[in-house]
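Morning, everyone. Please have the sequence and the model open while I talk.

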Amino acid sequence: MSEVLLSAKNLTKRFGGLAAVNDVSIDLMRGRIHAVIGPNGAGKSTLTNLLSGDLPPTSGSVLLGGQDITGWSPEKISARGLGRSYQKTNIFLPFTVWENVRLASQSRQPNAFKWFHRATDFSAINARAASAIELSGLKDRVHSVAATISHGEQRQLEIAMTLATQPQVLMLDEPLAGMGAQEAERMIELLHLLKKDHAMLLVEHDMDAVFSLADQLTVMVNGQVIASGTPAQIRLDAGVQAAYLGEDIGEENA
Ligand SMILES: Nc1ncnc2c1ncn2[C@@H]1O[C@H](COP(=O)(O)OP(=O)(O)OP(=O)(O)O)[C@@H](O)[C@H]1O
Ligand SMILES: [Mg+2]
């Protein structure tokens with residue numbers, strides 16, 4: 001249960017004079033959801049970008065499966081087993097659910113963009129795509145054009161695309177953003193399901209969802225970690241209350 005899959009040590013990212021991420025360390029373990037919370041501009045998305053290789057850190061290091069991946073490209077890191085979704089959607093709206101997920105699956109194939117493929121490559125690509133669609137609950141939508149499915153289903157589709165790359169570490173940036181209550185409930189169920197086999201990093205503003213899902217919480221403000229611990233510890237943390245949570249967060253889902 002407690003196998004550390006990803007370990008970030010003393011990560012700092014400066015944009016000119018601004019330290020968007022300032023000396024942040026975080027561990028992600030298989031079977032656990034680690035939520036990163038904090039107000040707008042705290043540095044949550046920047047942190048995920050440092051872990052996924054979308055941005056190089058100014059200093060600090062990232063280990064994935066014990067290997068130092070600092071400075072690697074996002075493609076190489078993804079091939080090593082880190083999958084992520086983005087705060088802004090990344091799907092091809094004119095394509096069907098199947099086409100979107102199949103493309104994501106194909107990107108995982110060695111020599112993905114060569115002209116010739118063996119038939120076995122195709123069946124592996126298709127099998128990965130089909131199982132990602134099934135797992136993310138989109139089986140009934142497989143032939144729908146992405147632009148025509150609901151907002152919640154589009155977020156499920158992003159997760160299906162990420163799962164098609166067969167990640168060990170899953171990082172989700174605001175998967176519940178803009179969802180209605182029912183859609184959010186379905187997504188929370190899906191995240192519960194995915195937690196079993198993955199190490200997960202969850203960036204999310206919905207505190208009820210965060211406190212019901214997370215095993216571990218890191219609270220960021222102005223690029224810095226102001227608290228880290230279990231949901232129970234964070235709920236009681238006076239500094240977190242003052243800086244971010246306010247007085248009535250998450251109790252009902254304790
Ligand atoms: N590419 C960039 N260049 C310059 N500044 C940036 C860049 N990306 C982020 N920032 C700044 O870094 C800080 C942290 O931004 P970040 O997007 O990581 O915050 P966040 O915690 O994800 O916020 P939100 O909850 O609104 O998504 C902000 O002040 C932001 O303006
Ligand atoms: Mg963000």
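Start with glutamate 3. It counts as partly exposed, at 42% relative accessibility. Keep in mind that this is a predicted model. Which residue does the side chain of glutamate 3 meet in a salt bridge? It is arginine 30, with 3.0 Å from N to O. Glutamate 3 sits in the segment before strand E1, which covers 4-15. Arginine 30 sits in the loop between strand E2 (18-29) and strand E3 (33-37). The two are 27 residues apart in sequence, so the pair ties those parts together. Arginine 30 is also partly exposed, with 25% relative accessibility.

That is one bridge. How many salt bridges does the structure hold? Seven. I will take two others.

Next, aspartate 54 and arginine 84. Their closest N and O atoms are 3.2 Å apart, in a salt bridge. This pair links distant parts of the chain, 30 residues apart. Aspartate 54 is in the loop between helix H1 (44-52) and strand E4 (59-64). Arginine 84 is in strand E6, residues 82-84. Buried or exposed, for arginine 84? Buried, with a relative accessible area of 11%.

Now arginine 141 and glutamate 153. Their side chains meet in a salt bridge, 3.1 Å from N to O. Arginine 141 lies in the loop between helix H4 (119-135) and helix H5 (151-163). Glutamate 153 lies in helix H5 itself. They are 12 residues apart in sequence, so the pair ties a loop to a helix. Arginine 141 is partly exposed, at 33% relative accessibility. Glutamate 153 is buried, at 11%.

At 17% relative accessibility, proline 57 counts as buried, because the cut-off for buried is under 20%. What does proline 57 touch, once residues up to four places away in sequence are set aside? Leu11, Thr12, Lys13, Leu50 and Thr70. There is also a distance to note across the chain. The C-alpha atoms of proline 57 and glycine 223 are separated by 13 Å. Those two residues are 166 residues apart along the chain.

Pick up threonine 12 from that contact list. Threonine 12 is in strand E1. It is buried, at 7% relative accessibility. Leave aside its neighbours within four places in sequence. Threonine 12 then contacts Val21, Asn22, Asp23, Pro57, Thr58 and Ser59.

Stay on strand E1 for a moment. Asparagine 10 is found there. What is its phi? Near 50°, a positive value in a residue other than glycine. In general, most residues other than glycine have a negative phi. Asparagine 10 is partly exposed, at 41% relative accessibility.

Where is it? In the loop between strand E9 (216-221) and strand E10 (224-229). Asparagine 222 is exposed, with a relative accessible area of 62%.

Last, the ligand. How many residues surround ligand 1? There are 14. The closest are Asn40, Gly41, Lys44, Thr46 and His205.

Let me walk through some polar distances. From asparagine 40, an N or O atom in the side chain is 2.9 Å from an oxygen atom of ligand 1. From glycine 41, a backbone N or O atom lies 2.8 Å from an oxygen atom of ligand 1. From serine 45, a polar backbone atom is 2.9 Å from an oxygen atom of ligand 1.

Which elements build the shell? E2 and H1 each supply at least two residues. H1 gives the most, with three residues. By type, the shell divides into five nonpolar, seven polar and two charged residues.

To recap, briefly. The structure holds seven salt bridges. Proline 57 and threonine 12 are in contact. Ligand 1 has 14 residues around it. That is my tour.

Notes:
Residues are numbered from 1 along each chain as its sequence is written. Chains are lettered from A and ligands numbered from 1 in the order in which they are written. This is a predicted model: local features need pLDDT of at least 70, side-chain atom pairs count only at pLDDT 80 or more; totals for chains, interfaces and linings use all residues. Side-chain values use heavy atoms; hydrogens and water are left out. A salt bridge is a side-chain nitrogen of Lys or Arg within 4 Å of a carboxyl oxygen of Asp or Glu. Helices (H or I, at least four residues) and strands (E, at least two) are DSSP runs, numbered from the N terminus. Buried means under 20% relative accessible area, exposed over 50%, partly exposed in between (1.4 Å probe, protein chains only). Contact means heavy atoms within 4.5 Å. A residue is near a molecule or strand if one of its heavy atoms lies within 4 Å of it. A polar contact is a pair of N or O atoms within 3.5 Å; within protein, one must be able to donate a hydrogen and the other to accept it, and residues adjacent in sequence count only if both atoms are side-chain atoms. Ala, Val, Leu, Ile, Met, Phe, Trp, Tyr, Cys and Pro count as nonpolar, Asp, Glu, Lys and Arg as charged, and the others, Gly among them, as polar.
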